[in-house]
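Welcome! Take a moment to turn the model around on your screen, and then let us walk through it together.

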Number of protein chains: 2
Amino acid sequence: MTKRSHSITIRDVAQKAGVSVATVSRFINHNAPISDEIGIRLQSVMDELGYVPLEAARHLATHKTGLIGLLSFTVEYGFFGPLVAGLEEAMKENGYNLLIATYSPECKKDEIAPPVGPHNTDGVVVFSDTLSEAQLAEWYRMQFPVVLIYRTSPASLPIPCVNVENKKSAYKLVEHLIEAHDRRRIVFVRAPGCQEDAHWREMGYKAALKDHSIAFDPKLIVDGKYDRRLARETMKAFLVNHPPRFDAVFAGDDDLAVSVVSALQEAGLQVPCDVAVVGFDDQRFASLLVPSLTTIHAPTENVGRMAGQQMLKILHGQPVDQRVVLPTGLVIRQSCGCAI
Amino acid sequence: MTKRSHSITIRDVAQKAGVSVATVSRFINHNAPISDEIGIRLQSVMDELGYVPLEAARHLATHKTGLIGLLSFTVEYGFFGPLVAGLEEAMKENGYNLLIATYSPECKKDEIAPPVGPHNTDGVVVFSDTLSEAQLAEWYRMQFPVVLIYRTSPASLPIPCVNVENKKSAYKLVEHLIEAHDRRRIVFVRAPGCQEDAHWREMGYKAALKDHSIAFDPKLIVDGKYDRRLARETMKAFLVNHPPRFDAVFAGDDDLAVSVVSALQEAGLQVPCDVAVVGFDDQRFASLLVPSLTTIHAPTENVGRMAGQQMLKILHGQPVDQRVVLPTGLVIRQSCGCAI
DNA sequence: TGTAATAATGTAACCGGTTACGCTAGCCCG
DNA sequence: CGGGCTAGCGTAACCGGTTACATTATTACA
């Protein structure tokens with residue numbers, strides 16, 4: 001609606017400087033030699049006119065947008081900030097900007113196309129299960145650059161992915177509860193959303209139990225919720241049904257761990273004396289809770305940065321690592337029962 | 001580098017369906033009547049070919065990008081998640097995507113143009129002091145849609161802005177410390193970055209002191225840091241220089257409050273007994289700390305949503321509110337000294 | 001000294017959409 | 001029955017850049 005005062009184009013610049021548009025273009029892109037004299041003249045003309053090349057025109061001509069999409073089903077969860085920070089940093093250094101879009105799995109049913117894709121970006125970083133395998137296959141077929149994070153690529157699609165050590169970390173966490181604190185009835189609360197992460201953490205949990213000759217009890221598995229209040233209610237309900245037939249809780253992520261602790265405390269149970277609680281992620285607040293949270297340090301910002309680097313390699317035609325797994329570290333604090 | 005298998009264009013569709021490109025375009029945009037017969041035919045052809053219009057071409061032709069930029073100097077701070085969530089929600093409903101870019105004030109010196117602007121977006125939401133007044137003036141002059149958040153528009157530029165109650169909230173917070181807890185030596189830690197927010201919070205702080213006949217002591221003003229470790233160190237240094245000649249701390253935001261509490265505890269001081277601490281923002285973790293944090297609830301997500309709505313109004317040529325100030329609320333918890 | 005390579009620039013086609021304008025056929029109405 | 005209106009569609013110009021190809025002047029070299 002805003003009848004834009006027709007912006008100045010490359011032809012305006014060319015005319016005013018008395019050269020051809022090609023020369024101006026070459027000057028802007030530094031992709032061909034330009035005489036110093038004309039270079040100086042062009043610079044001053046451009047400054048005077050306040051000329052800025054229109055991206056859309058450049059995109060159309062070059063088939064490059066300078067944009068990388070980030071597809072996520074939420075932007076509100078705790079890890080999002082650091083993730084974007086890392087990704088943004090990596091991309092920005094190479095002149096790319098971030099196009100952030102949410103796309104919930106429900107959209108797929110409505111047949112709504114992903115808001116980012118080949119039509120408006122040079123590549124997309126896909127978070128977890130945001131995209132269907134069919135969609136990934138489609139993009140793979142057309143060689144559209146994709147990097148998966150918090151999800152391994154489907155067997156048939158060698159798409160590079162960036163993950164964190166899930167199973168091993170979960171194993172260490174549970175092992176610690178068993179060996180250091182002699183807990184044997186350990187509840188596992190599955191983190192919502194990241195199906196794959198949750199799966200591998202559960203595998204680690206089970207493996208640790210098995211290696212310590214503790215029978216796996218499916219009744220000790222709970223499905224966590226996104227919403228914190230809901231998560232707490234779920235935990236409360238669980239408490240009612242399982243009056244402490246358990247002595248520890250392995251929460252799928254730190255957000256859930258907090259809800260668990262709240263619920264336990266409201267029920268009059270002491271953490272870690274009565275029930276030990278451990279989380280996963282080592283989010284900012286983990287060290288600040290009382291008791292401070294024993295958890296797994298997940299290098300979220302590095303996941304973002306690494307995903308960005310992988311994406312850049314693809315864009316530059318360099319070989320990429322098909323599977324990056326970033327190391328995590330056990331962070332022992334108080335909520336497991338350890339002293340400070 | 002990736003020699004893209006030349007994507008299918010509108011002309012491919014037109015040819016295969018036996019119609020003109022204009023008809024296809026009209027069908028896509030629903031801006032002119034198309035016979036049902038051709039409509040059905042086109043739909044099936046498009047599905048078959050997997051045709052998706054190239055945004056860049058559309059942008060060039062229409063001079064609309066369908067993108068809204070968000071310019072911030074950081075994406076890592078606590079408020080960022082909710083802010084983006086609100087903004088994204090508002091924009092998405094109207095078919096816009098978010099282009100997120102960081103732009104630190106240092107860039108200005110280097111004369112690097114902002115990564116988002118008229119050349120690649122339809123409008124930009126500017127966070128705090130990210131942009132110089134000159135840049136804002138430039139955009140205002142060319143009628144480029146801008147909405148400011150956490151910053152009021154410069155006197156000469158009637159740019160719509162979205163804020164939260166800063167002075168009043170700060171006043172209430174300090175008043176509470178004085179009246180309910182009899183604190184009189186209250187430190188104020190200025191939040192970094194948002195100069196204006198910090199300013200008004202300081203004003204509220206001073207006003208509260210004045211109304212309670214407490215002399216303002218400039219020695220009790222500290223400049224907070226972004227980095228949490230740095231923030232903690234700053235606080236520690238302050239403690240060394242000011243062995244508790246103060247009995248309360250008003251931290252400019254919750255992030256800082258956390259650093260303050262950590263520093264105090266490390267110094268062997270009890271919160272809130274020895275020193276009461278209050279924050280600002282009511283970030284997710286505020287209620288989970290021990291002691292839980294007394295703070296001001298800032299409707300961050302609503303700020304984002306409101307900024308989005310303002311932006312939409314501009315884009316639709318509707319009148320906008322020049323100045324939106326969202327209400328905040330005092331959230332009394334434990335860190336000020338109140339019981340649960 | 002003749003020739004090939006290179007530097008510096010211009011011309012015009014092209015990227016893939018949108019849309020002004022023109023055309024035809026059918027309909028309504030005086 | 002003729003003129004005006006509208007639905008439905010096609011032709012081609014246009015958006016603002018990039019770049020293949022052509023051209024000229026200059027330098028290098030046998």
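This is a predicted model: local features need pLDDT of at least 70, side-chain atom pairs count only at pLDDT 80 or more; totals for chains, interfaces and linings use all residues.

## Starting in the middle of a sheet

In strand 3 of chain B, Leu70(B) has Val125(B) as its bridge partner.

Is strand 3 (residues 123-127) of chain B mostly covered or mostly open? It is mostly covered, with five of its five residues buried. In a regular strand, side chains alternate between the two faces of the sheet. Here, Gly123(B), Val125(B) and Phe127(B) are buried on one side, while Val124(B) and Val126(B) are buried on the other.

## The nonpolar cores

Nonpolar side chains tend to be buried together in soluble globular proteins. In this model the largest nonpolar core has 176 residues. Which residues have the most contacts inside it? They are Phe250(A), Val260(A), Phe250(B) and Val260(B).

To see what surrounds one of them, look at Phe250(A). Leaving aside residues up to four places away in sequence, Phe250(A) touches Leu173(A), Val174(A), Ile186(A), Val187(A), Phe188(A), Tyr205(A) and Val278(A).

## How the two chains meet

Two copies of a chain are related by a rotation about an axis and a shift along it. For this pair, a rotation of 180° with 0.4 Å of shift along its axis superposes chain A on chain B, with an RMSD of 0.4 Å. That is the relation of a two-fold axis. The copies meet through the same surface, because 98% of the interface residues of chain A are also interface residues in chain B.

How many residues does each chain bring to the contact? Chain A gives 42 residues and chain B gives 42 residues. On the side of chain A that touches chain B, helix 4, helix 5 (80-92) and strand 2 (97-102) each supply at least two residues. Helix 5 of chain A has the largest share of that side, with seven residues. By type, that side of chain A divides into 24 nonpolar, 13 polar and five charged residues. Strands take part in joining the chains as well: three bridges connect strand 2 of chain A to strand 2 of chain B, and the two run antiparallel. Within this pairing, Leu99(A) has Leu99(B) as its bridge partner.

## Around the DNA

The surface near DNA strand C is made up of 30 residues, and the closest are Ala22(A), Pro33(A), Ile10(B), Ser25(B) and Ala61(B). Helix 2 and helix 4 of both chain A and chain B each supply at least two residues. Which helix gives the largest share of this surface? Helix 2 of chain B does, with six residues. This surface divides into 18 nonpolar, ten polar and two charged residues.

Now turn to DNA strand D. Of the 29 residues around DNA strand D, those that come nearest are Ile10(A), Ala22(A), Ser25(A), Ala61(A) and Pro33(B). Here helix 2 of chain A gives the most, with six residues. The surface near DNA strand D divides into 17 nonpolar, ten polar and two charged residues.

Most residues other than glycine have a negative phi, and most peptide bonds are trans. A few places in this model depart from that. A cis peptide bond joins Val271(A) to Pro272(A), with omega about 5°. Pro272(A) sits in the loop between helix 11 (254-266) and strand 9 (276-278) of chain A. In chain B, a cis peptide bond joins Val271(B) and Pro272(B), again with omega about 5°.

Ser213(B), with phi about 55°, lies in the loop between helix 9 (195-211) and strand 7 (221-223). Asp282(B), with phi about 60°, lies in the loop between strand 9 and strand 10 (295-297). Are these residues buried or exposed? Ser213(B) is exposed, because 8 other C-beta atoms lie within 10 Å. Asp282(B) is buried, because 23 other C-beta atoms lie within 10 Å.

Methods
Residues are numbered from 1 along each chain as its sequence is written. Chains are lettered from A and ligands numbered from 1 in the order in which they are written. A nonpolar core is a set of buried Ala, Val, Leu, Ile, Met, Phe, Trp, Tyr and Cys residues joined through C-beta atoms within 7 Å. A residue is buried if 20 or more other C-beta atoms lie within 10 Å of its own, exposed if 12 or fewer, and partly exposed in between; C-beta atoms are placed from the backbone. Two residues are in contact if their C-beta atoms, placed from the backbone, lie within 7 Å. A residue is near a molecule or strand if its C-beta atom, placed from the backbone, lies within 6 Å of it. Helices (H or I, at least four residues) and strands (E, at least two) are DSSP runs, numbered from the N terminus. Ala, Val, Leu, Ile, Met, Phe, Trp, Tyr, Cys and Pro count as nonpolar, Asp, Glu, Lys and Arg as charged, and the others, Gly among them, as polar. Copies are superposed by least squares on the C-alpha atoms of residues with pLDDT of at least 70 in both. Two strands pair if DSSP finds at least two bridges between them.
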